[in-house]
Amino acid sequence: MIQYLLRRLAITIPVIYGLITLVFFMMHLLPGDAVQVMLTEFAASAKDQEVLRHNLGLDRPLLVQYVDYVWALMHGDFGRSLFSHQAVMSQIGNQLPATMQLACASMLIAVPIGILVGIAAAVRQNGWVDRVSMVGSLFGVAMPNFWLGLVFIYVFAVMLNWLPAAGSGSLKQLILPAVSLAAYPIAVLARLVRASMLEVLRQEYVVTARSRGVSERGVIFRHALKNALIPVITVAGMQFGFALGGAVITETVFARQGIGQLAVAAIQQRDMPLVQGTVIVVGIITILANLLVDIVYGLIDPRIRYS
């Protein structure tokens, strides 16, 4: 098991390094000039722009900037915002808990519902439950979460006045964004669980369990579900990464505090250190979540860690 963990960690490190490199160079390939954005309200001359660019270190060769940036990241320094002049990690640290709360809440909703819907659809294959759940999952995959968010606001906040339409800080304010963000992973997990259960239920050991008089509930939950969930665990980890990315849009729709709002404001201001910091932090969390999934996967199925 230790060797398996070391192998997974050895793969994770270059992935994180590749993420940092990709984000850095993509940010510098984007059109626009942060210095011009910062001096928009002032009648700054070309000399003033050059002085500010020099003070920010933006006039140095790109490779020099890259090496300095990676060296600073290795020491936990993500730089400072070009506009607020606050440490990037300080700003991210203030907003990240709200985003993690939203992403975790959406997965706590998505995983059990997706699994139960998939089981029900597989057990009643070609029945009305199967048809309704698959049509619903198709709807969940096709509809973007920002559209669902707007629909939820109109129905549950405006028409019915059951829940607040925006804001953060209370459980009621978390429900609508969490449910809208959970719609896509529910659909994906339901379809995957259905397919996995249908395959497992045809296996010989399941037929043998039924012939021995094991109840249908015992066959499903004690024998079939465990093996059917092996691929689901991997997909659930990927969906957590998608939930973090989707939180950027969801937070904007519901006017919630979080790293998504921070990233949108940074992009509008062309605040490169802050944009790079938010993308890298979200990417690292996603990579670590998938590492955790790989570890759990290896614990459930020993064939994986010994392969």
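Visitor: Happy to begin. In which helix does Ser-133 lie?

Guide: Ser-133 lies in helix 6, residues 128-142. Helices here are DSSP runs of H or I with at least four residues, strands are runs of E with at least two, and both are numbered from the N terminus. Before we go on: this is a predicted model, in which local features need pLDDT of at least 70 and side-chain atom pairs count only at pLDDT 80 or more, while totals for chains, interfaces and linings use all residues. Residues are numbered from 1 along each chain as its sequence is written, and side-chain values use heavy atoms, with hydrogens and water left out.

Visitor: Why is Ser-133 called buried?

Guide: Its relative accessible area is 12%. Buried means under 20%, exposed over 50%, and partly exposed in between, with a 1.4 Å probe and protein chains only, so at 12% Ser-133 is buried. Leaving aside neighbours within four places in sequence, Ser-133 is in contact with Val-117 and Ala-121, where contact means heavy atoms within 4.5 Å.

Visitor: What makes Gln-91 count as buried?

Guide: Gln-91, which lies in helix 5 (residues 88-123), has 12% relative accessibility and therefore counts as buried. Beyond the neighbours within four places in sequence, its contacts are Ser-81, Ser-84, Gln-86, Leu-262 and Leu-274.

Visitor: Is Asn-161 buried or exposed?

Guide: Asn-161 has a relative accessible area of 61%, so it is exposed. It lies in the loop between helix 7 and helix 8.

Visitor: Which angle do helix 7 and helix 8 make?

Guide: Helix 7 (residues 145-159) and helix 8 (residues 171-201) pack at about 140 degrees, with their axes 9 Å apart. That makes helix 7 oblique to helix 8: angles under 35 degrees count as roughly parallel, over 145 as roughly antiparallel, 65 to 115 as roughly perpendicular and the rest as oblique. The axes are lines fitted to C-alpha atoms over the stretch in contact, and angles run from 0 to 180 degrees between N-to-C directions.

Visitor: Which residues make that contact?

Guide: Helix 7 brings Asn-145, Leu-148, Gly-149, Phe-152 and Phe-156, and helix 8 brings Leu-176, Val-179, Ser-180, Leu-181 and Ala-183. They divide into seven nonpolar, three polar and no charged. Here Ala, Val, Leu, Ile, Met, Phe, Trp, Tyr, Cys and Pro count as nonpolar, Asp, Glu, Lys and Arg as charged, and the others, Gly among them, as polar.

Visitor: At what angle do helix 5 and helix 8 pack?

Guide: The angle is about 35 degrees, and the axes of helix 5 and helix 8 are 6 Å apart. The residues of this contact divide into 26 nonpolar, four polar and one charged.

Visitor: Finally, how many helices and strands does the protein chain have?

Guide: The protein chain has 13 helices and zero strands. Of its 307 residues, 44% are buried.
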